[in-house]
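The structure is shown below.

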Amino acid sequence: MSQPGITRIGVAIDIPEPWGSVLTRRRAEAGDPQAAWTPAHVTLLGPTEVAADALPAIEKHLEAIASAQRPFTVHLRGTGTFRPVTEVVFVTLAQGISECELLAEAITRSEDVNRDTRFPYHPHVTVAQDVPPAALDAVFEDLAGFSALFEVSSFTLFSHGGEGPWRPRRDFPLGS
């Protein structure tokens, strides 16, 4: 349940087809319930509660960030894990890491976005989380040879009302 006047947002780069549905489907096959609510993506700002009346200022901030960043290439290749710290398996970025890091850092510079992070930012695509160890191992092995190369031309602001899927709120084209 969200509090009155508070909304939950996130900012992400969607993984385009045909790769997005492949990764989302594999996450669902692992038994990860989040697969039903969160399609494959690279997170730039994880779930963050903000004042609803701050959304126009946040969107203006995101516009400025997007316009200053030129489109870039992301190469997803192979798998990684955060185990034993957290029970997560992910597809790694072989290219596009620094651009994602710069975007993520710029997004959190908004005075309206206050996010405490437990871990340093590490761009990746989660493909299994909080599932049994055997399922994590299987996804790690199954996607070890995964590779996708694509151009990132925008990022998306999402909102979440507390139940159901994350909803795209607005796309921000890069270099516009």
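Is S110 buried or exposed? In this predicted model, S110 counts as buried because its relative accessibility is 7%, under the 20% cut-off. D32 counts as buried too, since its relative accessibility is 4%.

**S110: location and contacts**
- S110 sits in the loop that runs between helix 3 (97-107) and strand 5 (124-129).
- With neighbours within four places in sequence left aside, S110 is in contact with I58 and H61.
- A polar atom of the S110 side chain lies 3.1 Å from the backbone nitrogen of D112.

**D32: location**
- The loop between helix 1 (19-29) and strand 2 (41-51) holds D32.
- D32 and R167 are 135 residues apart along the chain, and 19 Å separates their C-alpha atoms.

**D32: contacts**
- When neighbours within four places in sequence are left aside, the residues in contact with D32 are R27, A128, Q129 and V131.
- For Q129, the backbone nitrogen lies 2.9 Å from a polar atom of the D32 side chain.
- The backbone nitrogen of Q34 lies 2.8 Å from a polar atom of the D32 side chain.

**Side chain to backbone**
- Which backbone nitrogen lies 3.1 Å from a polar atom of the side chain of S110? That nitrogen belongs to D112.
- For the side chain of D32, the corresponding backbone nitrogens are those of Q34, at 2.8 Å, and Q129, at 2.9 Å.

How values were computed:
Residues are numbered from 1 along each chain as its sequence is written. This is a predicted model: local features need pLDDT of at least 70, side-chain atom pairs count only at pLDDT 80 or more; totals for chains, interfaces and linings use all residues. Side-chain values use heavy atoms; hydrogens and water are left out. Helices (H or I, at least four residues) and strands (E, at least two) are DSSP runs, numbered from the N terminus. Buried means under 20% relative accessible area, exposed over 50%, partly exposed in between (1.4 Å probe, protein chains only). Contact means heavy atoms within 4.5 Å. A polar contact is a pair of N or O atoms within 3.5 Å; within protein, one must be able to donate a hydrogen and the other to accept it, and residues adjacent in sequence count only if both atoms are side-chain atoms.
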